[in-house]
Amino acid sequence: MKLVRKIVDKDGEGSVSLIPENTEDVWHAYNLICEGDHVSCSTIRKVQTESSTGSSNSYRVRTTLTICVEGIDFDTQACVLRLKGRNIEENKYVKMGAYHTLDVEQNRKFTLVKPKWDCVSLERVDLACDPTQNADVAAIVMQEGIAHICLITSNMTLVRAKIDQVIPRKRKGHVSQHEKGLARFYESVMQGILRHISFDIVKCVIIASPGFVKDQFMDYMVQQAIKSDNKLILDNRSKFMLIHASSGFKHSLKEVLADPAVVSRISDTKAASEVRALELFYTILQTDPERAFYGKKQVERANESQAVETLLISDKLFRAQDVALRKEYVNLIEGVRDSGGDVKMFSSMHISGEQLDQLTGVAAILRFPMPELEDESDDGSDSE
């Protein structure tokens, strides 16, 4: 998503202008726009004119309209967001209050004005506009002296660092110079990984090279991590995957990403942390039910006691027409974060999100047991 302009004051009033650049961005727009918001966008309007003789003529014009959104329809096949509402700004072709449907689609700029931009909406804008937030796969393509550290999203590859160093050749009686140069190169690559790859987001790190360079580098990195007690590398060791590549240049990524082992591994990373969190919730619900609860009322009670360790919440709840209800869920997220808890936002278009929606769309894993919550029964407000 391309951010054109963002003017939001400290009270949460203002507007954001965006251009969706791919199908994922239209999905983000669907989660951002709510009923009651004002949206401006270029559109085609059929205009009828009547001549002095009484004959009518109709033609189409392109104009920019601003509507107050009353209906939202997301066409997943065409990947178009259709917004129905009344015109709220003067326009020479369209009367004030006349109904119109705006199409938000790829490469078409739109401006969104909300009565109040809350933390969830602003985070969604940041997420959509920062490609590194979606990059849950990283790749290092390397050969002796050259390495490219890349982040891979579903739509693009971003080169975050290029390391190019001269390594002395192996010569009879001068092998040590070659080994020292190689060690310096490996150290630079390792520092580049630590600097540019966020292991909280990245679920898989591919190391690709010709020959045994990848294996030698992996051995070096693990040994250095053990020496310096670098828990970040040691704890995420299972995320690294060694693959053959023809060179250390970026174009070699194409063959790396086509490798069947890589394809299956990358497909498994999508929403992997959310899937694991949901599996953990079900396990605790069976083995330690006083530490796992679902339903708005019970989760809010747990939050009041600062007991929520992990909050599982569906993005579907933030498309609610009830503004007051949305605010309650926003307050719940802020409360959990303020008490040091983790918040997992589930996509309702993913299988894990569908499962969570069946559990009212909100669930929590607690830091400590709260048996008193088991005695309470949730009211009708828990279901969407």
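L312 stands opposite K344 in strand 15, where strands are DSSP runs of E with at least two residues and helices are DSSP runs of H or I with at least four residues, both numbered from the N terminus. The model is predicted, and local features need pLDDT of at least 70, side-chain atom pairs count only at pLDDT 80 or more, and totals for chains, interfaces and linings use all residues. Residues are numbered from 1 along each chain as its sequence is written, and side-chain values use heavy atoms, with hydrogens and water left out.

- An open sheet of four strands has the order 13-16-14-15 with mixed pairing, and two strands are said to pair if DSSP finds at least two bridges between them.
- Strand 13 (292–294) and strand 15 (342–346) stand at the edges with a single partner strand each, so one side of each has no neighbour in the sheet.
- Neighbouring strands of this sheet are turned by 15° against each other on average, direction ignored.
- Strands of a sheet pair through backbone hydrogen bonds, and the pairing is either parallel or antiparallel.
- Strand 14 and strand 15 pair in the parallel sense over five bridges, whereas strand 14 and strand 16 (residues 362–366) run antiparallel and are joined by five bridges.
- Within strand 16, A364 is the bridge partner of L311, and V362 is the bridge partner of I313.

- Six of the seven residues of strand 14 are buried, and the strand is mostly covered; buried means under 20% relative accessible area, exposed means over 50%, and partly exposed lies in between (1.4 Å probe, protein chains only).
- T310 is found in strand 14 (residues 308–314), and T310 is buried with a relative accessible area of 13%.
- Leaving aside neighbours within four places in sequence, T310 is in contact with D342, K344, A363, A364 and I365, where contact means heavy atoms within 4.5 Å.
- Helix 9 (residues 296–304) lies across strand 13, strand 14 and strand 16, and runs at about 35° to strand 16; axes are lines fitted to C-alpha atoms, for helices over the stretch in contact, and angles run from 0 to 180 degrees between N-to-C directions.
- Helix 10 (residues 323–338) also packs on the sheet, where it touches strand 14, strand 15 and strand 16, and its direction makes about 150° with that of strand 14.

**Helix 1 with helix 2**

- The axes of helix 1 (residues 23–32) and helix 2 (residues 119–129) come within 10 Å and cross at roughly 175°.
- That angle makes helix 1 roughly antiparallel to helix 2, given that angles under 35 degrees count as roughly parallel, over 145 as roughly antiparallel, 65 to 115 as roughly perpendicular and the rest as oblique.
- The contact is made by D25, W27, H28, N31 and L32 of helix 1 and by S121, R124, V125, L127 and A128 of helix 2.
- Nine of the ten residues of helix 1 are buried, so helix 1 is largely enclosed by the rest of the structure.
- The buried residues of helix 1 pack against strand 2 (14–19), strand 4 (56–75), strand 5 (80–87), strand 6 (99–104), strand 7 (110–114) and helix 2.

**Helix 3 with helix 4**

- Helix 3 (residues 175–196) and helix 4 (residues 213–228) pack at an angle of about 70°, with their axes 10 Å apart, and the two helices are therefore roughly perpendicular to each other.
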